[in-house]
Amino acid sequence: MRRIEPITGDDERPFWSVMIPTRDCGPWLEASLSSVRDQDPGPEKMQIAVVDDASDGDLAQQITHRIFGERAEYHRHPVSLGIAGNWNACVDLSRGHWVHILHQDDLVFPGFYERLERAAHVVPEVGAAFCRNWTIDRDGARTGISALERDTAGLCRDWLERIAESNRVQCPAVVVRRRCYEQLGGFRSDLSFTLDWEMWVRIASRWPFYYEPEPLSAFRIHFDSETSRLCRDGSNVADLLSAIEIINGQLPPQRRSALRDRARRYCVRHALGWARRLLNAKETAAARIQLRAALELDPMLLMRAHVWNLYRQLAFGLLRDRIRRADG
């Protein structure tokens, strides 16, 4: 596991480190940075840094300077470190007691940092805190919302089992005490789609999680993202299955079998969800990969009407693509 060096001395450290990893940023970095700027309590309280994974060109640096001037740090790697490498670099460069890794196309809403800071004061032993989270499309329209974990702010009960069954936390919604990274190590480089999920389970195996029910962040789903790229070739499902086995080793032995089965069912639901999303975007080849992966995990899906409806959509899509190729 990648070691995260501890920071000694607490007197001059800010409470927050907001770290924004980026690579070849799209049109959403400006909105992401602006959402942080609008809640900036000042450099004594918050470190803000953009960490560029060897982008082509200097667009991210230009946007950072336009939004923050000299207020925010800008770091650029000479060569790409990959997803895990860049996230770990974000943690390495952080100086705050609490770290928020905010991706280049996601958002936080007013009150995010104020509400989640309560976790450290209300429950001193808490390791991470997260809020309810919107999903938005490329234009910023809200398309969904995460499950309500509890009605009021406070500690999540039975959280290790719940987070081990499925990833219930989106990256923009969660903040982590830096000391947890120092003790557990960084993100795993052998995972790409699920390295965040494995980290949340690792933290939950040692510390409690605090939850804020107000939706104060947004995870953007669009087809130019790294998430979408991994779903087009089926890497997402393979990575999920690898993560399930890694996660299972962190659970109480008597619960491993049942939780592994439940996590694999989550993997099936995930693949079906992406199949539906890709079909709606008319990406039939990628949708077929997701459907095939779901069926390999659960052949009984063929008995379910909603899966047959997906296959019907897929058949029409494949026929449409064949006609287009013939006309071309």
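Biologist: Which residues of helix H1 (residues 29–37) are buried?

Modeller: This is a predicted model, in which local features need pLDDT of at least 70, side-chain atom pairs count only at pLDDT 80 or more, and totals for chains, interfaces and linings use all residues. Residues are numbered from 1 along each chain as its sequence is written, and side-chain values use heavy atoms, with hydrogens and water left out. With helices (H or I, at least four residues) and strands (E, at least two) taken as DSSP runs numbered from the N terminus, and buried meaning under 20% relative accessible area with a 1.4 Å probe on protein chains only, the buried residues of H1 are Leu29, Ser32, Leu33, Ser34, Ser35 and Val36.

Biologist: Which helices are included in what covers the buried residues of H1?

Modeller: Counting contact as heavy atoms within 4.5 Å, the cover includes strands S1 (16–22), S2 (46–52) and S5 (107–108). From helices, it includes H2 (59–68) and H4 (112–122).

Biologist: How many of the seven residues of S2 are buried?

Modeller: In a regular strand the side chains alternate between the two faces of the sheet. On one side of S2, Met46, Ile48, Val50 and Asp52 are buried, and on the other Gln47, Ala49 and Val51 are buried. The strand is thus mostly covered, and its buried residues number seven of seven.

Biologist: Which residue in S2 is the bridge partner of Trp16?

Modeller: Strands pair if DSSP finds at least two bridges between them, and S1 and S2 do so in the parallel sense over seven bridges. Within S2, the partner of Trp16 is Met46.

Biologist: Which residue in S3 is the bridge partner of Val51?

Modeller: S2 and S3 (residues 73–76) run parallel and are joined by four bridges. In S3, Val51 has as its bridge partner His75.

Definitions and conventions. Buried < 20%, exposed > 50% of the residue type's maximum accessible area, 1.4 Å probe, protein only.
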